[in-house]
Amino acid sequence: MIMRCLLITIITFMATACASFKKTSDVGNHVLLSEQGVPYKYMFCEDSRLNYLITYPKDYHPEKKYPMILFLHSMSERGYELQKLIRNDEGQGNGLAKYALENKLSQFITISPLCPDGIYWSFLTKRLNKLLVTVTNNESIDIDKIYLTGISMGGMGTWSFAMDYPQWFAGIAPISGGIYKPFMSDNIQKIINIPIWVFHDKFDNEIPIEKTVGILKKLEEAKAEVNITIYEKGEHYLNNIVFEEGALFDWFLSYRK
């Protein structure tokens, strides 16, 4: 047990040491507008040392409080190109921000942080927590309506972040994620009171559905509120399907802390 804990500590340290948490050249304080007139900004959080993209509703008013979705991207978007958070044809395809910038998420503020090279979201939950502290202090966000979703590596990060900091979330939706031991915890007691909607493909050959099945069994045994959607398309990047269908966003809005 001691050797296992030591190994996990070493892996975590090495992964963190390999990552470079620096501001990208795209970051600025000025507001940009999408073709549909949706305001957005590329930002850098000094406390977390994470770059991120924030989108606002088209009719945004700072005196109003808005629900917020935090989106964790896949491994293919890691690095320093914030534009990949919108679309990356070599990876996850459309990020959540693309739908927001097309005015398809008109009720939400969205936050899409950028994971540096050489590390995984499951090792960055402390930094993600600092990012949410900063964002909720500085933006017009309804803290009772904060939601979390992510794809692939981001789906794994969704499980990890929710288990480490469950107090933030009114609902979570891991997409094509799962639990990988020993470096990921599966402390399901931390999330049994959070509504969960899980998406996975039966024939996913990148993250096998078995990595999701184990955690689902534990959640069901604990009487947690879990929705499960299993596709049979042989697709890994299901976010493109889930976000186009749009039911997830209505489901999010039906919950508050």
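This is a guided tour of one predicted protein chain, from the overall fold to single residues.

Some conventions come first. Residues are numbered from 1 along each chain as its sequence is written, and side-chain values use heavy atoms, with hydrogens and water left out. Because the model is predicted, local features need pLDDT of at least 70 and side-chain atom pairs count only at pLDDT 80 or more, whereas totals for chains, interfaces and linings use all residues.

**Whole chain**

The C-alpha trace spans about 50 × 40 × 35 Å along its principal axes. For 257 residues, a compact globule would have a radius of gyration near 18 Å, and the 17 Å of the chain agrees with this (taken over C-alpha atoms; the rule is 2.2 Å times the number of residues to the power 0.38).

Buried residues make up 56% of the 257 (buried is under 20% relative accessible area, exposed over 50%, partly exposed in between; 1.4 Å probe, protein chains only).

**Strand β7**

Select Ser112, in strand β7 (residues 109–114). With a relative accessible area of 0%, Ser112 is buried. Leaving aside neighbours within four places in sequence, Ser112 is in contact with Asn51, Tyr52, Leu53, Phe71, Leu85 and Ala97 (contact means heavy atoms within 4.5 Å).

**Two loops**

Move to Arg49, in the loop between β2 (39–45) and β3 (50–55). Arg49 is not a glycine, yet its phi is positive, near 60 degrees. Its relative accessible area of 31% makes Arg49 partly exposed.

Then select Lys223, in the loop between α5 (210–221) and β11 (226–231). Lys223 also has a positive phi, of about 65 degrees, although it is not a glycine. Lys223 is exposed, with a relative accessible area of 74%.

**Second largest pocket**

Finally, select Met75, Ser152, Met153, Met156 and Ile207, which lie nearest the centre of the second largest pocket among its 14 lining residues. The lining divides into 9 nonpolar, 4 polar and 1 charged (Ala, Val, Leu, Ile, Met, Phe, Trp, Tyr, Cys and Pro count as nonpolar, Asp, Glu, Lys and Arg as charged, and the others, Gly among them, as polar). A pocket is an open set of points on a 1 Å grid over the protein atoms alone, where a 1.4 Å probe fits, with protein on both sides within 12 Å along at least five of seven lines; lining residues have an atom within 4 Å of a point.

Note on methods:
Helices (H or I, at least four residues) and strands (E, at least two) are DSSP runs, numbered from the N terminus.
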